[in-house]
Amino acid sequence: MNHKLELRNVIKTFNSEEGKIKALEDINLDVKPNEFLCIIGPSGCGKTTLLRLIAGLDLPSSGEIILDGNEVKGPSPDRGMVFQEFSLFPWRTVLKNVEFGLENLGVNGRREIAERYIELVGLKGFENCYPYELSGGMKQRVAIARALAMDPAILLMDEPFGSVDAQTRNVLQEELLGIWKRTKKTVLFVTHSVDEAVYLADRVAVMSARPGHIVECMDIDIARPRKRTSVEANEIREMLLMRLGSEYQRIR
């Protein structure tokens, strides 16, 4: 199924000791079915807040988030989220971590489903390992498998590779693209790395300094597989860096 995600005039305001803080302002965005959309922007611009709203972990102060014609009003298996931190249960094996969401829903055959996604992320043979026995990259693969096992319409990823070394990050990017091509999921991927966005995305949404709003959506019209250092990639990277630079100037 081709899933349609729409954000209409989304505003998010938080209360603090200093008063109300507007984190997001008038977010309008249409996410295309099966699209790989990267979101970049200055630190503190509300990128994570935006993902949390789409996930239903928080609610907009005003505006609407609509998935397949239904307003998002809370968490649901149709939206899976992968966090930057290795959010695994240390007392559960790889298999049991991936089964967790399925177990909560009472899904039959969850072991077979979990094993399929463990194999998909390249961890076959590690089913009975515990998180402390895994590298950082392997832990994040488990988190991705756990999200995919729920068969979500939308996969939300909040800087999932930000805490691994550069070489592991490149490997995980390649693996994620392979999974995306096979599963045909819609992916929203927050990153601070312009290089990562140019390499992964069909389209990059650039957010402003706080209060965050989308100032530009840039299509990445580069054929796949992409070469990280190609002339086309460098040109788009420079354009995005200039756009981001103007937003950082607003912070100073």
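This is a predicted model: local features need pLDDT of at least 70, side-chain atom pairs count only at pLDDT 80 or more; totals for chains, interfaces and linings use all residues.

Trainee: What pLDDT does the protein chain average?

Mentor: Residues are numbered from 1 along each chain as its sequence is written, and side-chain values use heavy atoms, with hydrogens and water left out. pLDDT is the predictor's confidence in each residue, from 0 to 100. Of the residues, 99% score at least 70, and the chain average is 93.

Trainee: How many disulfides are there?

Mentor: A disulfide is a pair of cysteine sulfur atoms within 2.5 Å. The sulfur of Cys45 is 13 Å from its closest cysteine sulfur, in Cys217, so that is too far for a bond. For Cys217 the closest is in Cys38, at 12 Å, also too far. By this rule the count is 0.

Trainee: Is Cys45 buried or exposed?

Mentor: Buried means under 20% relative accessible area, exposed over 50%, and partly exposed in between, using a 1.4 Å probe and protein chains only. Cys217, at 33%, is partly exposed. Cys45 has a relative accessible area of 1%, so Cys45 is buried.

Trainee: Which class has 12 residues in the lining of the largest pocket?

Mentor: Ala, Val, Leu, Ile, Met, Phe, Trp, Tyr, Cys and Pro count as nonpolar, Asp, Glu, Lys and Arg as charged, and the others, Gly among them, as polar. The pocket (an open set of points on a 1 Å grid over the protein atoms alone, where a 1.4 Å probe fits, with protein on both sides within 12 Å along at least five of seven lines; lining residues have an atom within 4 Å of a point) is lined by 19 residues. There are 5 polar and 2 charged residues, and the class with 12 is nonpolar.
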